[in-house]
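Here is a guided walk through one structure. Keep the sequence and the 3D view at hand as you read.

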Amino acid sequence: MWLTSKIKQLMLVAKPGVVTLDYPLQPAPAPQTFRGQPTWDHHKCIGCGGCANHCPARCILTRDVCQELRVMLYDGTRCTYCGRCADVCPEDAIKMSNTFQTASDDKDDVTTRMELFMMTCQRCGRCYEMENSNAIDRLDLKGFRYDNLEQRALLRKSSETFAPDLLAETEGYQRPRR
Amino acid sequence: MLRSLCKKMFAKSVWVYHCNTGACNGCDIEILNILTPYYDVERFGIKLVASPRHADAMLISGAVTRPTLPLVKRAYEAIPSPKLVFAIGSCATGGGAWFDTYNVTGGVDKVLPVDYFIPGCPSRPEAILFGIALALGLVEKEAAPVELKQMEFPIDIYERREAWEKRNVIYELLK
């Protein structure tokens, strides 16, 4: 009897009612534990570059424009929202917010650009120490860094003192082709 | 009259073709998730079709790898224009963690013209719904680029000073 089975089906469906989420018309906030777009607090940031070193997708780029000014660029298009930058930050300047409504028609809409003022050490006159002579330890990229912000490319180069020639060299960076 | 009614009602009914270009299947599961009764995307007239020839939009997940690159291009050309391309997930928008590797093109936008980017790893089903609603004009765009500065310290000052020094060098040569 198909009619009784249909009636049974209707009864089954009527029990839970409408389950569909009325999402774009009604807001549906993500839970607090959700890791969404990371946010920066530029008053707390000291510009150590630890987040840039630990990002698995290499989406935080660091470019030293001069001795005193460091530009950090977060490129959210390739961010995997793992939260390692927020974990590693010594000053708790990075917070993972729970915003997920980041869809847009422009790639640049999910970027955060930060200009940091860097003071040199009063004692030694340098910003950083590069004691590691080991090549693997040097992958941590201490010192002045010259990533290309236009190409969104991380360059594994760093120098102990500010080098304007390295800065000029990385300006027209092209990804190596086969 | 029926034709005008149909035009009005089906103007925004987008049929989508789902294309995996080397994703880890996370984004694909979320795309299937928005077709379930909980996030019912068919209330906007969106339907998943198997052939790109029937589709209006293309949902691409995954960084475009080298083996799939010609296939993605062929699937894109098979869609009758006008067509929309959605890049879903971090791999499709920017290449993900593989943006630099040898066999990855690094994002869909280096291959095809992309209309909407939906970041996330994987994108939340609500985020994909938000992107689709953005394409249909139901919601406003919320993301915007952020610029933070610790102090007003213009970069051009350095370039200007450099140019001034170069000019002085020429004057010294003339002396």
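Start in chain A, at A:Arg156. A:Arg156 lies in the loop that runs between strand S6 (144-145) and strand S7 (158-159) of chain A. Is A:Arg156 buried or exposed? A:Arg156 counts as exposed, because 10 C-beta neighbours fall inside 10 Å, and a residue is classed as exposed at 12 or fewer. Now look for A:Leu141. A:Leu141 and A:Arg156 are 15 residues apart in sequence, yet their C-alpha atoms are 7.1 Å apart in space. Keep in mind that this is a predicted model.

Step back to the whole of chain A. Chain A has four helices and seven strands. Along the sequence they follow the pattern α-β-α-β-β-α-β-β-β-β-α. The chain has 178 residues, and buried residues make up 29% of them. Take the contacts in chain A between residues at least 6 apart in sequence. Of these, 61% join residues at least 24 apart.

Next comes a sheet. Four strands form an open sheet in the order S2(A)-S3(A)-S5(A)-S6(B), with mixed pairing. Strand S2 (60-64) of chain A and S6 of chain B stand at the edges. Each has a single partner strand, so one side of each is left without a neighbour in the sheet. From one strand to the next, the twist averages 15°.

Walk across this sheet from S2(A). A hairpin of four linking residues joins S2(A) to S3(A). Strand S3 of chain A covers residues 69-75, and five bridges join S2(A) to S3(A) in an antiparallel run. Two of the pairs can be picked out by eye. A:Leu61 has A:Leu73 in S3(A) as its bridge partner, and A:Arg63 has A:Val71. S3(A) is mostly covered, with six of its seven residues buried.

The step from S3(A) to S5(A) is antiparallel too, with seven bridges. Here A:Leu69 finds its bridge partner in A:Phe117 of S5(A). In a regular strand, side chains alternate between the two faces of the sheet.

Strand S5 of chain A (residues 111-117) and S6(B) run parallel, joined by four bridges. A:Glu115 stands opposite B:Lys149 in S6(B).

What else does chain B bring to chain A? In all, 43 residues of chain B are in contact with 38 residues of chain A. On the chain B side, helix H4 (90-94), strand S5 (116-118), helix H5 (125-136) and strand S6 (146-149) each supply at least two residues. H5(B) gives the most, with seven residues. By class, the side of chain B that touches chain A has 26 nonpolar, eight polar and nine charged residues.

Finish with H5(B) itself. This helix has twelve residues and reaches 17 Å from its first C-alpha to its last, close to the 16 Å expected at 1.5 Å a residue. How many of its twelve residues are buried? Eleven are, so H5(B) is mostly covered. The buried residues include B:Glu126, B:Phe130 and B:Leu134. What do the buried residues of H5(B) pack against? They pack against helix H2 (26-33), strand S4 (84-88) and S5 of chain B. After H5(B) comes B:Gly137, with a positive phi near 85°.

Conventions:
Residues are numbered from 1 along each chain as its sequence is written. Chains are lettered from A and ligands numbered from 1 in the order in which they are written. This is a predicted model: local features need pLDDT of at least 70, side-chain atom pairs count only at pLDDT 80 or more; totals for chains, interfaces and linings use all residues. Two residues are in contact if their C-beta atoms, placed from the backbone, lie within 7 Å. Ala, Val, Leu, Ile, Met, Phe, Trp, Tyr, Cys and Pro count as nonpolar, Asp, Glu, Lys and Arg as charged, and the others, Gly among them, as polar. Two strands pair if DSSP finds at least two bridges between them. A residue is buried if 20 or more other C-beta atoms lie within 10 Å of its own, exposed if 12 or fewer, and partly exposed in between; C-beta atoms are placed from the backbone. The expected span of a helix is 1.5 Å times one less than its number of residues. Axes are lines fitted to C-alpha atoms, for helices over the stretch in contact, and angles run from 0 to 180 degrees between N-to-C directions.
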